[in-house]
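Hello,

Here is the structure we talked about. Please open it alongside this message; my notes follow below.

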Amino acid sequence: HLAASLPLPSERDHLRPRIDLVVFMIDIKSKYSLKNVETSLAHVDASFFLGKVCFLVTGVGRVNACSIETNAICKLGKAYCSPVLFCELELEGIRVATAQRLLRMLQICAGHIPGVSALSFVSLMRNSDDD
Amino acid sequence: MDENVAEYIRRTVLKIPRDEIKMMLQKWGFLSEAQLQTLNFYQIKDNISQEVVHLCEENSADIKQAAVLDIIYNHIYQDKRIWSVYQMKKSGEELEYFDITDFKKKFKRRIRSALKNVTITFKEYKDNAIWIRVAWGTPQKKPNQYKPTYVVYHSQTPYVFISASVLKSNMPLLCQALIVASNYHDIREMELRSHSLNSLKDIVFKRYSQNFQTYTTKPLQGGNVEPENADIRIVQENRSEKERIYRVNQEVFGSGPQPKLEFAQYRLETMFKSDPKMDVLDKKEPFRCLVKFSSPHLLESLKSLAPAGMADAPLSPLLTCIPHKARNYFKIREKKGLFPESFVSP
């Protein structure tokens with residue numbers, strides 16, 4: 001399901017299946033994109049932040065057009081305990097690889113992989129520096 | 001043949017891209033077909049231009065013919081220049097029959113009565129456009145052929161398109177000559193400038209597709225707004241909002257291609273509105289500021305802002321009024337009175 005922002009329109013509530021993973025896409029070329037994601041985060045239930053939320057930063061290939069500091073995004077990821085992925089949609093190889101990563105994450109979040117749950121992402125996020 | 005004319009022809013030919021030279025010389029018609037056959041268009045341009053000058057010498061070309069070649073080049077490469085639009089006003093409602101010979105005679109006479117050293121050349125095109133090229137001199141100096149002014153006039157309309165040379169001091173004389181020759185009594189410069197002459201014509205002649213207000217309260221149940229959404233596994237959550245944006249955008253911009261403008265400029269003479277506690281220029285004097293939007297195709301990019309999610313729909317009327325008001329230079333001043341909002345000066 002693709003949405004431009006949260007909250008989702010209520011008229012489609014009855015048509016929506018269970019949500020297993022929320023990917024927030026941030027276009028590194030647009031400050032508006034980051035702002036939009038920050039406002040939308042407020043509408044996500046706290047239980048999602050146990051591994052079912054991920055940030056996807058796009059447009060990183062165009063180094064000259066970056067409007068957002070990667071620092072700011074990493075801080076966001078830390079604050080919400082969610083992984084941050086970087087990709088460049090204009091390159092087919094990276095696009096396909098990113099899609100495969102997201103699909104793998106989704107399988108885990110939906111419970112399709114025995115022995116691994118979404119909570120694993122949270123523990124994998126911890127840096128050795130943090131301790 | 002005058003060596004200045006020879007040099008001018010040589011430089012004009014050098015401007016033309018190599019594979020277009022033959023076509024332009026044929027359009028010019030000054031050299032015979034037999035002479036054109038003797039030219040080798042596969043050598044370097046330097047040599048081609050030398051050969052062309054040589055042939056022109058055989059035919060004793062003068063500045064008049066050279067000027068025609070220049071008009072032909074500028075007619076094909078009209079988008080290299082910046083064009084301004086001028087509007088003429090008639091005193092009465094009389095419909096006078098337009099006589100091209102009379103127009104040319106009056107125009108030349110008016111200019112020559114003030115300035116002897118000028119080169120004036122006319123060329124008529126099929127779409128009723130009269131192209132006028134004027135090279136200006138001074139009482140002491142011969143006309144500068146390298147900085148001419150070009151004027152495009154459609155005789156059935158009150159509009160004149162001028163691409164001025166840097167010698168702006170000749171503009172009043174040019175304007176006078178135009179109104180005298182075309183039997184109007186006044187001329188004023190519109191706040192409309194662009195590289196694309198055709199787009200300027202589209203705007204003032206109202207040839208672009210205009211929106212018509214539709215008063216349906218319910219959005220029309222049309223077909224799929226985004227034809228590329230072929231994969232049924234992708235669900236668009238904000239479909240109704242996307243459709244609203246698309247519909248509003250279509251209403252404002254129309255569904256056809258937009259005229260091509262490269263910039264819009266807004267000169268603000270409004271008061272700086274800040275928190276009164278901050279005491280920053282608060283309502284003491286106008287905050288002068290210039291806002292300029294530039295783009296290879298400004299109106300198309302404005303049209304795509306809302307669908308791309310970069311702006312809210314509908315866009316500010318200051319941006320969307322550009323084709324209707326036929327202007328892309330605005331002065332915005334404070335509106336004094338009931339509503340403390342800024343308004344656009346006429």
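Lys201(B) is buried, with a relative accessible area of 4%. Its salt-bridge partner is Asp127(B), with the closest N and O atoms 3.8 Å apart. Lys201(B) sits in helix H8 (residues 197-204) of chain B, and Asp127(B) in the loop between E2 and E3 of chain B, so this pair ties together parts 74 residues apart in sequence. Asp127(B) counts as partly exposed, at 44% relative accessibility. Keep in mind that this is a predicted model.

Other salt bridges

The search of the whole structure gives 18 salt bridges over all chains. Some from chain B:

- Lys104(B) pairs with Glu124(B), closest N and O atoms 3.0 Å apart. This one links distant parts of the chain: Lys104(B) is in helix H6, Glu124(B) in strand E2 (residues 118-124), 20 residues apart. Lys104(B) is partly exposed at 23% relative accessible area. Glu124(B) is partly exposed too, at 40%.
- Glu241(B) pairs with Arg244(B), and their closest N and O atoms are 3.2 Å apart. Both lie in helix H9 (residues 239-253) of chain B, three residues apart, about one turn of the helix. Glu241(B) is partly exposed at 36% relative accessible area. Arg244(B) is partly exposed at 29%.
- Glu7(B), Arg10(B), Arg11(B) and Asp46(B) are linked in a network of salt bridges.

Helix H7

Take a look at H7 of chain B, residues 171-182. From first C-alpha to last, this helix reaches 16 Å, close to the 16 Å expected for its twelve residues. How much of H7(B) is covered? Most of it: nine of the twelve residues are buried. Among them are Met171(B), Leu174(B), Cys175(B) and Ile179(B). The buried residues of H7(B) pack against strands E1, E3, E4, E5 and E6 and helix H6 of chain B. Just after H7(B), Asn183(B) takes a positive phi of about 65°.

Confidence

The model scores ipTM 0.72 and pTM 0.78. Chain B averages a pLDDT of 85, and 88% of the residues score at least 70. Where pLDDT is low, the predicted coordinates should not be read in detail.

Best wishes

Technical notes. Residues are numbered from 1 along each chain as its sequence is written. Chains are lettered from A and ligands numbered from 1 in the order in which they are written. This is a predicted model: local features need pLDDT of at least 70, side-chain atom pairs count only at pLDDT 80 or more; totals for chains, interfaces and linings use all residues. Side-chain values use heavy atoms; hydrogens and water are left out. Helices (H or I, at least four residues) and strands (E, at least two) are DSSP runs, numbered from the N terminus. The expected span of a helix is 1.5 Å times one less than its number of residues. Buried means under 20% relative accessible area, exposed over 50%, partly exposed in between (1.4 Å probe, protein chains only). Contact means heavy atoms within 4.5 Å. pLDDT is the predictor's confidence in each residue, from 0 to 100. A salt bridge is a side-chain nitrogen of Lys or Arg within 4 Å of a carboxyl oxygen of Asp or Glu.
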